[in-house]
Amino acid sequence: MAAFVPPVSPRPAPPRGPYGVVRPRLHRGHFAFLRAVAQGLSPRAMWDRYLADAGAFDDGPRVHRMTGWIRAELGAAATRGGDFARARLLRLDLAPPAASSLPTLADFVRVEGLEAFSEAEQMSAYETTFGPALTRERRRTALLHRQLDAIHTLEAQVAQPVALADGCEAWLADTVAGRLRRAGLLTLGDLVTRIRARGPAWWRPLRGIGVRKAQAIVAFLRVHAGTLGEVPDRDTGTETAGTVALPVMDTCNPCRACTPLERFVPPAALDGSAGVYRCPRAQCRLAADNDREAILAWLASKGEGPDGAINATQRAYRKEAERCLLWAVLARRRALSSLTIEDAVAYRDFLLAPPPDWCSAHTQPRWSARWRPLAGPLSAASCAYALGVLGNLFAFLGAQGYLSGNPWRAVRAPRTLTPGLDPGRGFTADQWRFLVRALAALPPTSANQRLQFALLMLYDTGLRLSELVAATADDLRQEGPSSQGAGVGLEGWWLHVVGKGGRLREVPLPADLVHQLVDYLVARGLPGDPRQAGGAALLGAATDRAARTPWARPRPTDPAAPIAASTFHRQIKAFFRQCAETLATTDPPAARCLLRASTHWLRHTHASHALAAGVPVQIVQQNLGHRSLATTTLYVRTEAAARQAAMAQFWATRPA
C-alpha cells in the first residue's frame, strides 16, 4: 500500500532581496526575526536588525509576505520529517494583540476600589471578572512557548550559517552569481576580499553589476559580518553622507544538545563510514554508507505499520538504537561501528545512572529543544531489554556483512527480581467490577461510548492497544448459521489480528460485545451490520461539538476514520485517574494501583482472569498471540482471596 501523503497547502512565493540579488534561502536572521515578531517586538526594528539584506521595510505586504514565507518553509521542513503536528503549530500566528483587552491588576484595583483588600482577594476578583479572557491568553502563551521551541529546534536543522567558503550561487541570485563567477569571484570569501582590497569602487569593473546591485550585495555581506567578517563602512562610491551603518546580526554557536535520530547528523569522523569493525564494502549486503543509515535499514526490516507509519516495534527499537548512537558519538566520541566490549559495559552503566543533562520529562515531544533520549535511570528490566535490542541490531548488521562482531553478547544484563513479564500489573476481580460500574456511569458522549466499548474489548480479548486501534470492520468474520442470514447474528464472531512480529491470529468475540459494537457503529452514522461497514475503524475519533475548540487539532469528519493510539491512551489514563480520585479516601491502595495502570494492564487482566476461570492455557496462548506457552503460564496465579481461604483451611488443621 502506498504511503499516505497529506495535501500541502499552497506556499507563499519566496520574497526576493532588493533588485533580485539575494537568493530566497533561510538563514539565522529569518529565525531571529520570526521569534521576535511572534513575541510582539517591533517588526521595523527587527527588520532593520536581522533582514537588512531583504530590502527596505514597509508596514504592510512585505512583512506579512516575509513572515508567511518563513512559516511556510519551516512547516515544509517539519512535514518532510513527518511531524505534521509541528507543521500546523508553526503556521499559527500567536503574536500578542497590539492593544490588550485586559487592564493591569493595578488599574483594575484602582477602578474597582479594592485597595483595602489583600493581594489574594484582588487576584480572585480579577480572575472572576476576566476569567475567559485570561484563559484564552494563557492558552495563547502556552502555544507560543511550544512554537518558539519548534522554531529553535528547526533552526539547528534548517538554518545555514553564511560562510566564507560558500559559493556565491548558494546565497545570491543565479544571474548575479554568474556575473561574479565570470569575474573570478567564486565564493563569498573571494567577494569579501575584493571589497576590502578595492574599496568603494570594487564593483565598477564588473560587467552587469551596477550601483544598486552592489549596494544590495554589500548589505547582505554586512548583515552576516558575524561569520564573514567586516566590510568597509562605505559600501559603494555613491553612498550619501549621514548614512547609518547597518547593525550586525547576532550569531550564536550551534547547539550540541541531543537530537532525535531523524535529525541527528554525526561528524564525518564519527559517522561510521570508517568504523573500526566495519567489514569490507564488497562483503556488505546493505547500501548503508554509515551507522545512521545502517540503523534505518535495520528498522525498516521490522516491517511497516498501516499506511507506511512506524509500528510499535519499530518505535521501541528506534528508541534504544537512538540512545546508543547519541551516547557513542556525543559521550564516548566513537562511531557506533567502533564500539568495543568495554564501551558496551560502560553504556550499560550509563543507562542505570545517566547524567541529568541526558534526561527530560516523558511529555517532551521529539521536536522540542528540551527533548532528551532518557527520562531518568532505567530499571534493571528496562536496561536488560535495551541490551537485548542492541544485541539484535548488531546481530542484524553482522549477518548483513556490515559489522564483523557483536560486543553485546559479552555484556551481562543487570539482575532483576522479577524475571520476564510482571503479571501483577493487572486488576483484581473487585477492581475490574468497580471499573465496569464507573464506565456505565459516564455521561453519554461519543468519546465515552467509544471508551465503554474499547475497555470491554481489551478485557474480553486481551488485544494490545496497537492491535485494537488498527482493527477495522473488514477484520471481523462470523461463523455459524447466522453468517448466511439477512440479519446480524451475534454468535460466532472472530477478529482477524496482525500482532507483534507480523504474526496472524484470530480472536473470538463474545455476543454481548458484538451487540455493543453494533450500537457504537450506528451511533457513528455507520451501518449496524459490521459486514457492511467496510474498512471503518472499530475505534473512531470523537465528534462531540463540545470537544471542539478553535485552538485544538482539527478532528476528522469521516466517521470511519481511526483514532490515534496516543489519543486513546490518554483518554484511558484520564479515566483511570478519575477512578483513582474516587477511591482515594476509601481504598488508597486501589487508587495507587489505578494511577499506575495503563492499557496493557487490561491484557494482563484478561490473561489472569481467564486462566483463573479455568480456560485452558493453550487457548489463552492463542488469544494473546504468544510464541511460547511459557510466556502465557506466567499469568497463572490464584486470586489473593482464594489463596487466603485455602491457607486458612490448612492453618486450621495444623497439629497443635
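1. R333 has a relative accessibility of 44%, and the residue therefore counts as partly exposed. In this predicted model, R333 lies in the loop that connects helix 14 (312-331) with helix 15 (341-352). The backbone at R333 deserves a remark: its phi is near 60°, a positive value, although the residue is not glycine.

2. C279 takes part in no disulfide, and the nearest cysteine sulfur, which belongs to C284, is 7.4 Å away.

3. As to accessibility, C279 has a relative value of 16% and so counts as buried. C579 is likewise buried, since its relative accessible area is 3%. The cut-off behind both assignments is a relative accessible area under 20%.

4. The sheet is open and consists of three strands in the order 1-2-3, with antiparallel pairing. Strand 1 (476-478) and strand 3 (504-509) are the edge strands, each of them pairing on one side only. From one strand to the next, the twist averages 30°.

5. Within this sheet, strand 2 (residues 493-498) runs antiparallel to strand 3, and six bridges join the two. W494 stands opposite P508, a residue of strand 3. In general, the strands of a sheet pair through backbone hydrogen bonds, in either a parallel or an antiparallel manner.

Terms used:
Residues numbered from 1 in each chain as written. Predicted model: local features only at pLDDT ≥ 70, side-chain atom pairs only at ≥ 80, totals over all residues. Heavy atoms only, no water. Disulfide = S-S within 2.5 Å. Buried < 20%, exposed > 50% of the residue type's maximum accessible area, 1.4 Å probe, protein only. Helix = DSSP H or I, 4+ residues; strand = E, 2+ residues; numbered from the N terminus. Pairing = 2+ DSSP bridges. Axes fitted to C-alpha atoms, helices over the stretch in contact; angles between N-to-C directions.
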